[in-house]
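Trainee: I would like to go through this structure with you. Can we take it step by step?

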Amino acid sequence: MTAPNGRPAGATRNDTVAAVVRQWQTVHPGLDTGPMEIIGRVNRCAALLQQAEDAPLRRAGLSRPEFDLLGALRRTGHELTPGDLARETFSSGAAVTKRLKQLTERGLVERRGDTRDRRVAHVRLTHAGRDLVDGILPEQLAYETSVLSVLPPEAQDELAARLGDLLGQLEGSLGALRA
């Protein structure tokens with residue numbers, strides 16, 4: 001016998017979302033909780049990862065959003081405007097402005113004005129910023145590898161592929177979902 005979510009009836013998991021789903025199934029036994037089981041777990045994993053903070057970044061005195069900003073500058077290999085950085089890091093313009101101010105004060109990035117349009121700024125990594133990113137990245141990837149080590153490599157590959165499929169669909173249809 002199968003539950004409305006397509007899993008075998010009685011298939012149990014012992015995580016926070018499973019407890020919430022069981023509660024909803026008690027209140028609404030015919031309700032398909034399949035979407036909640038996926039979205040809830042993705043959200044819960046994201047929240048736990050954010051709470052744990054990234055140890056290598058924390059040791060370097062950086063937040064994940066600051067590192068993402070520095071990483072965008074490093075991986076693109078050229079100057080970016082604050083608007084470009086907002087798009088690259090999925091951040092608001094105000095958040096980017098605040099982070100750039102902090103990173104500039106720390107000597108990790110520098111801004112220069114546009115010669116043709118004084119309203120436009122161009123941001124680039126300083127040598128110290130590039131050295132920091134290059135020094136942290138291997139350690140950060142090792143940390144992320146250890147976080148994911150609870151899954152065998154083939155499960156990690158499958159999860160990455162499935163999340164990539166979902167992300168691609170969401171990125172392509174997000175405008176329609178908001179309507």
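Mentor: Start with a definition: buried means under 20% relative accessible area, exposed over 50%, and partly exposed in between (1.4 Å probe, protein chains only). This is a predicted model, where local features need pLDDT of at least 70, side-chain atom pairs count only at pLDDT 80 or more, and totals for chains, interfaces and linings use all residues. Residues are numbered from 1 along each chain as its sequence is written, and side-chain values use heavy atoms, with hydrogens and water left out.

Trainee: Is Arg 75 buried or exposed?

Mentor: Look at its relative accessible area, which is 53%. The cut-off for exposed is over 50%. So Arg 75 is exposed.

Trainee: Which residue forms a salt bridge with Arg 75?

Mentor: A salt bridge is a side-chain nitrogen of Lys or Arg within 4 Å of a carboxyl oxygen of Asp or Glu. Here the closest N and O atoms are 2.7 Å apart. The partner of Arg 75 is Glu 88.

Trainee: Why does the pair of Glu 88 and Arg 75 tie parts together?

Mentor: Helices (H or I, at least four residues) and strands (E, at least two) are DSSP runs, numbered from the N terminus. Glu 88 lies in helix α5 and Arg 75 in helix α4, so the pair ties together parts whose separation in sequence is 13 residues.

Trainee: How many residues apart are Glu 158 and Arg 162?

Mentor: They form a salt bridge, with the closest N and O atoms 3.4 Å apart. Glu 158 is partly exposed at 45% relative accessibility, and Arg 162 is exposed at 55%. Both lie in helix α8, about one turn of the helix apart, and the separation is four residues.

Trainee: Which residues are linked with Glu 37 in a network of salt bridges?

Mentor: Begin with the bridge between Glu 37 and Arg 41, whose closest N and O atoms are 3.7 Å apart. Both residues lie in helix α2, and both are buried. The network links Glu 37 with Asp 15 and Arg 41.

Trainee: Which residue's side chain makes a polar contact with the side chain of Thr 33?

Mentor: Thr 33 sits in the loop between α1 (16-27) and α2, and it is buried, at 1% relative accessible area. A polar contact is a pair of N or O atoms within 3.5 Å; within protein, one must be able to donate a hydrogen and the other to accept it, and residues adjacent in sequence count only if both atoms are side-chain atoms. At 3.1 Å, the partner is Gln 25.

Trainee: Which element gives the largest share of the nonpolar patch?

Mentor: Patches are made of residues with over 30% relative accessible area and no salt bridge: like charges are joined within 9 Å, nonpolar side chains (Val, Leu, Ile, Met, Phe, Trp, Tyr) within 5 Å. This patch, including Ile 38 and Leu 163, has about 560 Å² of accessible area together, by the Shrake-Rupley method with a 1.4 Å probe, where for residues only the protein chains shown count as cover. Four residues, the largest share, come from α8.
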